[in-house]
Amino acid sequence: MAVLLVDFSLEEGFYDTQSSVLELLNKLENAVKQGFSSLQRINNFSLEGSWIRILTSEASMITMRIFPNQLGHITIDCYAKDSETPSASLEVVREIERHIKAAVRGIKSIRALPNLQADKAVRYYLTSDNRVVEYDVTALVFDETTPYQKVQIVKSKTMGNILVLDDLQNLGEMDLPYTHTLMGKNVEKYEGKEILILGGGDGALLYELLQETPKEVVMVELDEVVIKACSKYMRSVCGDAMDNYDGPHHKIIIGDCLPVLEQYIGEGRRFDYVFGDLTDVPISVDKSLELWAFINKVLKLSFQVLKPDGKFMTHVTGQGCTEALEAYKQCLDRLQPAVKYETSSNFVPSFHETWVFCQVSFKNGEAATSQQAE
C-alpha cells in the first residue's frame with residue numbers, strides 16, 4: 001500500500017463561495033485524471049466548513065479536501081499486492097501537481113510529497129521531538145516481543161542493521177559516534193578502572209570499553225533477548241563481547257538494575273564509572289511521571305556505588321528537546337551530595353539528529369551515602 005499527498009494553499013478572495021469551491025474541485029478532478037484512468041466520483045459533501053470530494057480508480061481512492069482557511073490537499077491511497085507495483089508514484093503526483101499549477105488560478109503554493117509505504121519492514125520512525133523520518137529499510141531481520149518490550153532489528157541500505165526497541169531506533173551499525181561520545185573516547189581513561197553499565201544490551205559500549213584494558217566491566221541488562229539478537233545480527237557493533245557472560249575483564253548480569261545497585265550498596269562496592277545506558281529522558285515532564293521517578297531512582301542509587309572521584313556517564317535525549325534537557329539538569333541539581341556536570345553532543349546517523357550526553361561527578365569529591373539518597 002502507498003499513500004501520496006499533494007498539499008496546497010490558495011490566495012485570499014479566489015474561492016470564497018460555494019460555487020467557486022465546487023469549480024475548484026472540478027479543476028482538481030480534471031488534473032487528477034491525468035494520472036489515473038477510469039476515474040469515478042463517489043461522493044461530494046461539506047464537513048465543518050470544508051468541501052470534500054472522493055474519487056476511485058481501480059485499487060486507488062483519491063480524497064480532495066478544501067478547508068475554509070485557504071488550505072487544501074489531495075490524498076491518494078493505492079493498494080497493490082506484494083508482488084505488484086502501486087498504480088501511483090511520486091512521478092504521477094508530480095504530473096498532477098503540474099496540471100494543477102497550469103489550470104487553477106490563485107494557487108499560492110503547492111507541493112507533491114513522496115509516497116508513504118506500508119509494508120512488513122517498518123520504515124517510519126520518530127525523532128526525539130516526534131518528527132517523522134523515513135528510513136531506507138529493506139528487511140525486518142529480527143522481531144520478537146518479550147515480557148519487557150518489542151525487540152526488532154531492521155536492515156537499512158545505508159546504515160546497516162539497526163536495533164529498534166518499542167518502535168524507537170536504539171543503535172545502528174553506523175552509530176560508533178554515539179558510543180564514543182557516551183564514553184568520552186580519548187577524554188576519559190579507563191585503563192585499570194572498575195566500570196558498571198546499566199543497560200547496554202546492544203553490547204556496543206561493553207565492546208568499546210573492553211578495548212581500553214579496564215580492570216572489570218559489569219553490565220546489567222534486563223532483556224536477554226536484546227543481547228542474543230545483537231550478538232547474532234549486530235556483530236560489527238558488539239564483536240564477541242557478549243559471547244560469554246563471564247570473561248577475564250567483564251561480567252554480564254541478566255536482571256533488573258535496581259536490585260543489583262541495592263546489592264552493591266549493601267556490599268559497599270564502588271566503581272570508577274557508572275554508565276546509564278537505559279531509557280531516554282522523556283520529552284514531557286507532566287505526562288511521564290513514572291519514568292521520571294525511575295530516572296531519579298537510578299541516579300540516586302548510581303551515585304551510592306560511585307567512588308568519590310568517579311563519574312556517572314549517560315545519554316540524555318535529542319538536542320531539540322530543550323524542556324527535557326532542562327528537566328534532567330534540574331534532577332541533577334537536586335542530588336545530594338551536590339554534583340557538577342558537563343554535556344557533550346554528536347550527530348547520530350541512525351537517529352537522524354544530534355544527541356546530547358551528560359558526564360556527572362561529585363562537586364566536592366564526596367561520595368554519596370544511603371542516608372543522603374533518601
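1. In this note, a residue is called buried when its relative accessible area is under 20%, exposed when that area is over 50%, and partly exposed in between, as found with a 1.4 Å probe on the protein chains only. By this rule Asp166 is partly exposed, because its relative accessible area is 43%. The model is predicted, so local features need pLDDT of at least 70 and side-chain atom pairs count only at pLDDT 80 or more, while totals for chains, interfaces and linings use all residues. Residues are numbered from 1 along each chain as its sequence is written, and side-chain values use heavy atoms, with hydrogens and water left out.

2. Two backbone positions have a positive phi, and they may be read against a general rule. Most residues other than glycine have a negative phi, and most peptide bonds are trans. Asp166, which is not a glycine, has a positive phi of about 50 degrees, and it is found in the loop between strand 11 and strand 12. Asn186 has a phi near 70 degrees; its place is in the loop between helix 3 (176–183) and strand 13 (194–199). Asn186 counts as exposed, at 67% relative accessibility. Helices (H or I, at least four residues) and strands (E, at least two) are DSSP runs, numbered from the N terminus.

3. A cis peptide bond joins Gln336 and Pro337, with omega about -5 degrees. Pro337 lies in the loop between helix 9 and strand 18 (339–348).

4. Helix 2 has 14 residues (90–103), which should span 20 Å at 1.5 Å a residue, and its end C-alpha atoms are 20 Å apart, which agrees. The expected span is 1.5 Å times one less than the number of residues. In helix 2, Leu90, Val92, Val93, Ile96, Glu97 and Ile100 are buried. They cover an arc of only 155 degrees around the axis, so they are on the same side of helix 2; the arc is that of the directions from the helix axis to the C-beta atoms. The face turned away from the buried side of helix 2 carries the exposed residues Glu91, Lys101 and Ala102.

5. The largest pocket has a volume of about 1,100 Å³. Its lining has 41 residues, of which Gln149, Asn170, Leu278, Thr279 and Asp280 lie nearest its centre.

6. The structure holds two cavities of 30 Å³ or more. A volume is the space filled by probe spheres set on the points, which are joined across faces, edges and corners. The largest cavity has a volume of about 130 Å³. Among its 13 lining residues, Leu278, Thr279, Ile295, Val298 and Thr314 lie nearest the centre. Helix 8 gives the largest share of this lining, four residues. The second largest cavity holds about 40 Å³ of space, and helix 9 gives the largest share of its lining, three residues.

7. With a disulfide taken as a pair of cysteine sulfur atoms within 2.5 Å, the count comes to zero. Cys321 is in no disulfide, and the nearest cysteine sulfur, that of Cys331, is 15 Å away. Cys321 counts as buried at 6% relative accessibility.

Technical notes:
On a 1 Å grid over the protein atoms alone, a cavity is a set of points where a 1.4 Å probe fits but cannot get out, and a pocket is an open set with protein on both sides within 12 Å along at least five of seven lines; lining residues have an atom within 4 Å of a point.
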